[in-house]
Amino acid sequence: MAIAPIVDGPSIIQSSERRIVVPTNILTGIVLAVFGYWVGEQLGNSFLLNDAQNTGVLLGYSFASIMFLVGVGFANYPLARLFGWRVTPQPAGDDHTGAWRYLNLSLDHKVIGVQYLVAMLMAMLFGGIGAMLIRTSLLVPDPPIVAPDKYLTLVSMHSVMMIFVASAAIVGPFGNFFVPLMIGTNRMAFPRLEALSFWLVPPAIVILLAAPIFGGFQTGWTGYTPLSEQADQGFDSYIVGFTLIGLALVVSGVNMLTTVIRLRAPGMTWIRLPIFVWGVFSASILGTFAAPILAAALIMQGFDRTLNTTFFISSAGGSPYLWENLFWFFGHPEVYIFILPAFGIILELLPHFARKPLWGYRTAVVGLLGVTLLSWFVWQHHLFMSGIAPALRPFFMFSTEMISIPTGIVFLVAFGTLWRARISMSVPMLFCLGFLFNFLIGGLSGVFLSDVPSDVTLHGSYFSMAHFHFTIVGGEIFAIIAAIYYWFPKMTGRMLNQTLGKIHFWWMMIAFNMAFMPLFAAGLLDMPRRVSTYAVDLQTLNDWVSIWAFILFASMLFFAFNVIWSWFFTFKVAPANPWQVRSIEWMLPTPLGRRNFEKIPVFTGSPYDYGNPGAKPVADLGGPSDLGRRGFGAEPVPS
Amino acid sequence: MSQQSQQSRGLPNLVASAPEWSTDVDARVSSVGMWIFMGANAMLFVAFFFAFFYLRALNNADNWMNIWTVHPRRYIGGIIVLLLVACAGLVVMGARSAAKAPSTARMFFWLALLAGVLCCGFQVYEFKHLGFDPQMGGGYASVFVGLKSVLMAEIVVAMIWLGTHIAQATPIGDTTARPASAAAFGNFLVMLAGVGVVAYLVLYFI
Amino acid sequence: MNRTDRTHALRLLVAWAVLSVIGVFIALQVHLPPGDQSTQSVDETSLLDLMLVISTPVFIGVVLFILYSAFAFRQTGAVLEDGPPNHGNFRLQVAWVAITAVIVLLLAVIGISGLSNSAAATTFASSQATLGTVGSAGTASGHRLQVQVIGQQWWFTYRYPDFGGVESAHLMLPVDTNIEFHVTSTDVLHSFWAYQLGVKADANPGVDNITYVSTVNTGSFEVRCAELCGIWHGHMADPNGQVVSQADFATWIAQVQKDDVGISLPPYSPIYFPHPPVKGS
Amino acid sequence: MVVDRTPRVGGRLAIVVLGLAALLALLTGFLVTFVFHFPTTLTAQPTTVGNGVSIHLETVAAVQDAIAFPRPNDPHPDWVSYLPTTIFKVPANSVVTISIDQEDGASGLRNPYWSKAQGIIGGSFHMSYFDDNGAPQAGDFSVIDPTTLAHSFGIPDLGVFVPLQGIADAAPAGSHNEITFSFKTGKAGIFRWQCFVPCGAGSIYGNGNAMSTFGYMSGLLVVQ
């Protein structure tokens, strides 16, 4: 029997009896990826286009990525359907157990969350090593320790790698792991898409790291044409890597949005959603609808490099402005893809550690959605100096400055929550407060950049570079680390060492501010971004920055040590609710079972209802199981 | 297959009886998910249409459509877009009858596949007889080649996808059991057809 | 608002007021670039000053609040206690949004008026400038001295269409003159950044990007490329830009005209399309 | 998920240490081979006259065609290049004489302004070349036809720009134009020099590959 009609009783669904003969796992994936690269390169070179090498490399990367996914096992389900076999609508369980399952295709959102976490930390390490090499090279103005072309390759790879990390490092690990728990469901809407959104990331990282084999690329993360069209085959890494990440954003966004819209448990109404879910939700909106623009622009670049079309070549009917518009039409929502879930994390953690209700919940939601909306109307502030349509400058100046209103709301909500709180000053809370401080500096410096006259001096200088490092490193990365300290016990079953955590916080906070604060001054003293050399009188300042940057990197290694040590070398399962907080994920046992909830929970209260002696628990975990049969609509529960 | 052997293969027993995997849940997520995906996909084409109008307005180096560019023939483009619309319409009709009459659905799907494959064939023919070189044709040539290739790539993938629906349109097949997924797929093809129509008007008439 | 609220608020407010006064005073001592070599750089300096002065109290207020709550509102006992369960204050939220909106509007108005007063506003009415007119560079006639900035990998050169289209490897400008820069590129994107003049404009191939400056003080300035343009982007810097007296400028341009004899420069054009237009040698 | 069981520290430690060691080995290999690769430095030879030094260079259409300074095992044998290397060490406050064997054909300047020699002693350079009939000629020049340039040698921060004329089609095979010029170095410092002719074949606008890779058509002049 394949599919039982739902008459009564649970539907009995049987897994596909026949299986693809070849075992699908990560090793098959790697072997097939190598083979796919070879096939793609041969095929591309056989076309004998004007620049056969680009075609070969681009096709090689694409085939390698597809074959890797096939080898990992993504083709099994569609192929089985194509062969007309009986298939189950739901994912089969994982074939692998123990640590091995983290290295293989798994459709369990909790496994995917951990996979994402490790992959993102690794990518952050690679990007950080790039940053260290950049700062090493900048120790002396001239001669460069690293040759200028290699230096620019390092800058580009550091930036693209960190953009990968920043766009996926919250929604990937924490969104995938905790959104289903927080809205009370056992499944994601599209588990295969969810897994795909993770498995697109390793090929993207590897392809990006392969750029130096073909000479690297010197374009920065913006990839402005025609410089990028001039670049060697190293730039093909940018095209394919970024396309894969864009695809991951779309796929993860479709899954996340549908899950939140459709699979909320009974009682989980829109105004009861944890604020973290709102953060992920709004970022997913941006990711889903902005990333395709980038994908289209990258396809145009790929065509320019292989078919010799002229999208971006002004002397042949194209325009570099086309790339700038498309790129920033994606690129500016992209930076809010970074920061919105970080807002979600901070506003989620503050009430739990301040032990007060989230102050102004609805206003916070309006703030997040306001940022989501406004972020579509600001992209040209990156192009104030570019010569495009000067008449539009006042509009984009105003819309950019408008964004500080919803951002200000986030600060207001944070302050309202902190007001007369009972703050338990644990490590996640320290990082939250650090976030508020750093993001404040990032936000204020952003206002300096938003006014056209002041932007004339600051645009493209180290000032803007310092600005976005304050928002992304000081903001998003601090939020990620807060989330890691907070949720690590639930994700891995191990507490991170709190003493080491406090040392890590102060170390990182001081080193970060010492390293990046002087860069505002460097920008004001006319040091442009992405230069391998600089004025001799700025050497003291740059050496100061480099040394503190090394100290900052050391603090991250210290953090990595804490993670490895606490995860693998302390053999004590964390308590189920170490922080004694109300949120539903902490009502569940540690370690979590394969299935999140034995019965579909019924939400009865707010997760932030502290200080109210009569507060109901967040959810009734022993709710009626047959509610799930009607789907997971958020039918209000009579109270 | 018994519960026991599933367990031994690492399949947890939740698969057997979990209410969250019932088909009506699936129906709900597939339609919403497809709408969101269609929105994302539409943005991909929006970028290309933006490129069309932007480059056309700029007309850099007086090279939007230079004298060497032969305007593609409208009747071939018309055939391509008609086949695409027919394909989408047939899939929608097939999806409507998937639950009740699998054999009718199968017939519609087969016809849709035929239309789709023919559409791709004509597209290849058009690319072979372009009348301009993308390298020398100016902005128009670039947008034409870019937009049409991406659309064709999506049609090809959609035809493979349609193949799975044909294979599963047996009385006990997946498409029959879960008509919502076939309906969602039909929506996707309708969107592609819509893009095709707009692309036809834009690329051949403006 | 109860008594505890009031005590905390009063303390914060007093501390904020005192520290803000001190902070603004310090902020006013900071010398911000780009300086006073042109009308535009004066405008930019004063706008940067203004924003620093506005943002200082905001910065101090937020940091003060964070530090105050970290010390005054922390858990003291061994057992976790909960705070007061207040869920929001509608009037406070409205007031906050209103205040941020007013600040934002203020900044936008200042920025837009800055645009229309000086630099970029004239962009809208740039078409009356005639190219190739030979004449003295003066402010009186309303004619601006035209200078074409040509970016290439990896150096800027400058053409003076008012003086027969001669070209120079360094930028020399007369003082007290309205200058109209036509920025273009022969290959990739560059950005012409004359730091002390307060000018930045991207150089795009096939685009004539017009920007304006009015020199008011003599002195040297630095020209840099501010848009990543390849391997020698960081070296695309010339510290030898000069604003000189009008007499010195006339002498200098005469010398350049003499030097350029023998070079077969192409006729002056707002844009120079790079060749070959497509890939190839 | 993690299940509490008997600690097996040894095995885990081995996995962690081995994993980190493998990662470090990979990264070190990457760094050494790619990032810290720097061309060799050529020290100028002192000449008998005064405090002058001289440098002898060769410019070729493809590294594999080099005559005076063959460079085997170059990763890009078909790229245009200056040879033998592109980092020159010269003394401060001295006269540097550079002679270049120019073996490449003309490809032309994009900005004809660079067709005039600037910043060199005497304002002109000496060139022995082949005319359109293939006959050898010689003479002093300060400016040449911009379309006949094959390459150029420019040190922007010293104001030195010298055009290098391409070899005529009629010239005998294997011959070269020889261009000689001198300039004065000032105080110590590091200056970049580059070719201003877009000569990176196969890339858009000709400024790719050899033009944008260190060690081919640009380099550093180390004055000390």
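**Figure 1. Chains A and C bury about 7,800 Å² between them, with carbon and sulfur atoms giving 69% of that area.** Buried area here is the accessible area (1.4 Å probe) that two parts lose on being put together, summed over both. This is a predicted model, in which local features need pLDDT of at least 70 and side-chain atom pairs count only at pLDDT 80 or more, while totals for chains, interfaces and linings use all residues; side-chain values use heavy atoms, without hydrogens or water, residues are numbered from 1 along each chain as its sequence is written, and chains are lettered from A and ligands numbered from 1 in the order in which they are written. On the chain A side 97 residues are in contact with 87 residues of chain C, where contact means heavy atoms within 4.5 Å. Of the five pairs of chains in contact, A and C share the most contacts. By contrast, no contact joins chain B and chain D, and their closest C-alpha atoms lie 12 Å apart.

**Figure 2. C:Arg224 and A:Asp526 form a salt bridge between their side chains, at 3.9 Å from N to O.** A salt bridge is a side-chain nitrogen of Lys or Arg within 4 Å of a carboxyl oxygen of Asp or Glu. Chains A and C have four salt bridges between them. They also have 29 residue pairs in polar contact, both residues at pLDDT 80 or more. A polar contact is a pair of N or O atoms within 3.5 Å; within protein, one must be able to donate a hydrogen and the other to accept it, and residues adjacent in sequence count only if both atoms are side-chain atoms. The side of chain A that touches chain C has 49 nonpolar, 29 polar and 19 charged residues. In this grouping Ala, Val, Leu, Ile, Met, Phe, Trp, Tyr, Cys and Pro are nonpolar, Asp, Glu, Lys and Arg are charged, and the others, Gly among them, are polar.

Figure 3. Zero salt bridges are counted here, but 13 residue pairs are in polar contact, both at pLDDT 80 or more. Strands (E, at least two residues) and helices (H or I, at least four) are DSSP runs, numbered from the N terminus.

**Figure 4. Strand E10 (residues 160-165) of chain D is mostly covered, with six of its six residues buried.** Buried means under 20% relative accessible area (1.4 Å probe, protein chains only). D:Val160, D:Val162 and D:Leu164 point one way, D:Phe161, D:Pro163 and D:Gln165 the other way. Strand E9 (residues 149-155) pairs with E10(D) in the antiparallel sense over six bridges; two strands pair if DSSP finds at least two bridges between them. Four residues lie between the strands of this hairpin, where D:Gly159 takes a positive phi near 70°.

**Figure 5. D:Val162 belongs to strand E10 of chain D.** D:Val162 counts as buried because its relative accessibility is 1%. Its bridge partner is D:Phe153. Beyond its neighbours within four places in sequence, D:Val162 is in contact with D:Ile120, D:Phe125, D:Ser152, D:Phe153, D:Ile179 and D:Phe181.

Terms used: Buried means under 20% relative accessible area, exposed over 50%, partly exposed in between (1.4 Å probe, protein chains only).
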